[in-house]
Amino acid sequence: MNATYKTQVAIVGGGPAGLLLGHLLRAEGIDCVIVERQTRAHVESRIRAGVLEAGTTDLLRRIGIDARLNAEGMIENGLNLGTPDGLIRIDIKALTGNHATVYGQTEVTRDLIDAAPARGLEIVFEAHDVALHDVDSAQPSVTYTKDGADHRIEADFIAGCDGSHGPSRRAIPAHAVREYARDYPFGWLGILADVPPCHDELIYATGNDGFALASMRSPTRSRYYIQVPLTERLEDWPADRLWDVLDARFAGLASRPIARGPALEMSIAPLRSYVFEAMHYGRLFLAGDAAHIVPPTGAKGLNLAAADVAYLADAMIAHYRRGDQAGLDGYQTKALARVWKTERFSWYLTELLHLFPDQGDFKRRMQIAELDYIAGSEAMQRAIAEQFVGLPL
Ligand code: RFL
Ligand code: PHB
């Protein structure tokens with residue numbers, strides 16, 4: 001059986017970028033459909049980001065998908081850098097008048113999927129062999145197979161929101177693209193457990209044994225990470241080995257001892273900075289991880305995806321409401337300006353806080369001197385606070 005549909009915007013990928021874009025467009029009556037390769041259960045169970053910028057929570061409020069966020073999100077008024085000399089507390093609220101919010105990507109995704117049917121947002125899960133066609137023509141299309149049948153969606157525009165391994169990016173010819181990448185020589189080993197956090201606010205710690213992060217999902221659920229060499233394998237990390245390392249890294253920094261509990265999840269993620277400099281080609285627009293990756297230091301990946309789709313949705317809304325092309329024509333320039341600043345912040349924090357295998361004493365002294373400067377300078381603290389809470393959209 002073959003079926004062809006028509007829609008205004010075909011969205012490839014049902015992660016945070018695709019789901020948010022779909023809701024922003026549906027809120028203005030624009031037709032769209034999301035095609036997602038994975039099952040709903042798989043999409044909802046991916047453990048990833050945990051901290052939302054003010055602009056991201058504003059977007060969720062704009063589409064009215066904020067009931068659980070308001071009830072369960074934890075306000076982050078401060079941010080801590082742990083150093084060999086103790087804690088530097090950066091008072092986000094005092095320095096920016098704003099705050100970040102701890103609310104997991106898993107929860108954001110679940111809320112967006114739950115709200116979709118009532119808002120007429122169609123999500124096709126388990127769409128296989130998704131392919132983009134004629135993206136530089138006036139009639140682009142997306143094809144996929146589901147349950148053995150072939151499907152074709154003809155659209156005015158395609159939004160490539162399919163993350164770093166999806167097909168959208170590859171639909172843009174190499175001559176139209178510049179790529180920039182930096183791979184870091186370590187990854188983060190993370191653990192999620194139902195135990196109370198060791199501190200009321202996040203601690204990004206740099207010790208003489210490496211980087212560690214104490215984060216949380218709720219007053220009863222903790223998320224911790226440590227830096228590990230890329231050669232490290234998960235099988236070599238029974239949870240107690242990781243808890244022992246965390247005990248040592250946060251001793252003298254956290255306000256409570258680290259509580260141990262069974263691991264709900266453990267994983268190792270490599271760290272990478274990457275920009276695919278073509279976020280617009282013909283009738284295809286890329287958003288989120290499809291166009292860029294940031295290392296997780298600073299918690300920017302999900303927030304950057306949200307900023308892209310805020311720009312893209314507003315540009316599409318202006319096109320459909322007023323026939324105004326300026327937003328679509330300017331999307332790439334506007335989005336990349338914010339992407340590069342966010343890449344810079346994520347890179348800066350990564351370089352400042354991790355131990356690099358061959359860094360030598362000089363780089364370590366530079367890191368320590370920089371931390372000492374931050375500790376004594378309100379200007380430096382404000383710069384970090386305003387980037388952590390999120391650059392304006
Ligand atoms: P996503 O979330 O990767 O969603 C892309 C969606 O596209 C689907 N897809 C396809 N659909 C159809 N056809 C295909 N051929 C497809 N190929 C892929 C995928 O199944 C998926 O549903 O990208 P999006 O929406 O741009 O959102 C970006 C964020 O998810 C990402 O930036 C963050 O999660 C990054 N990230 C973290 N960010 C933080 O801010 N803090 C963190 O702690 C944090 N931890 C992480 C992370 C990313 C990780 N990855 C990518 C493995 C930890 C991990 C492990
Ligand atoms: C998390 O809670 O998973 C988290 C928090 C801050 C980061 C990265 C991840 O920078």
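**Note on the fold, the cores and helix α3**

1. The largest nonpolar core holds 76 residues. Leu 21 and Val 35 have the most contacts inside this core. Helix α8, residues 301-322, supplies the largest share, 12 residues. A second core stands separate, with 34 residues. Phe 186, Leu 202, Met 216 and Leu 349 are among them. In soluble globular proteins, nonpolar side chains tend to be buried together.

2. Please keep in mind that this is a predicted model. The values here are computed from that model.

3. What does Val 35 touch, leaving aside residues up to four places away in sequence? Its partners include Ile 11, Val 12, Gly 13 and Gly 14. Val 124, Ala 127 and Val 130 are also in the list.

4. Now the overall fold. The protein has 11 helices and 19 strands. Its radius of gyration is 21 Å, close to the 21 Å that the globule rule gives for 393 residues, so the protein is as compact as a globular protein of that length. The C-alpha trace spans about 65 × 40 × 40 Å along its principal axes.

5. Of the 393 residues, 55% count as buried. Take the contacts between residues at least 6 apart in sequence: 72% of them join residues at least 24 apart.

6. Is Thr 56 buried or exposed? The relative accessible area of Thr 56 is 4%, under the 20% cut-off, so Thr 56 counts as buried. Other buried residues of α3 include Ala 54, Gly 55, Thr 57, Leu 59 and Leu 60. An α-helix has 3.6 residues a turn, so residues three or four places apart point the same way.

7. Which residues does Thr 56 touch, not counting those up to four places away in sequence? The partners are Asn 303 and Ala 306. Both numbers fall within the range of α8, residues 301-322. Thr 56 and Ala 100 are 44 residues apart in sequence, and their C-alpha atoms are 9.4 Å apart in space.

8. One backbone detail to check by eye: just after α3, Gly 64 takes a positive phi of about 70°.

Notes: Residues are numbered from 1 along each chain as its sequence is written. Chains are lettered from A and ligands numbered from 1 in the order in which they are written. This is a predicted model: local features need pLDDT of at least 70, side-chain atom pairs count only at pLDDT 80 or more; totals for chains, interfaces and linings use all residues. Side-chain values use heavy atoms; hydrogens and water are left out. Helices (H or I, at least four residues) and strands (E, at least two) are DSSP runs, numbered from the N terminus. The radius of gyration is taken over C-alpha atoms; the globule rule is 2.2 Å times the number of residues to the power 0.38. Buried means under 20% relative accessible area, exposed over 50%, partly exposed in between (1.4 Å probe, protein chains only). Contact means heavy atoms within 4.5 Å. A nonpolar core is a set of buried Ala, Val, Leu, Ile, Met, Phe, Trp, Tyr and Cys residues joined through side-chain atoms within 4.5 Å.
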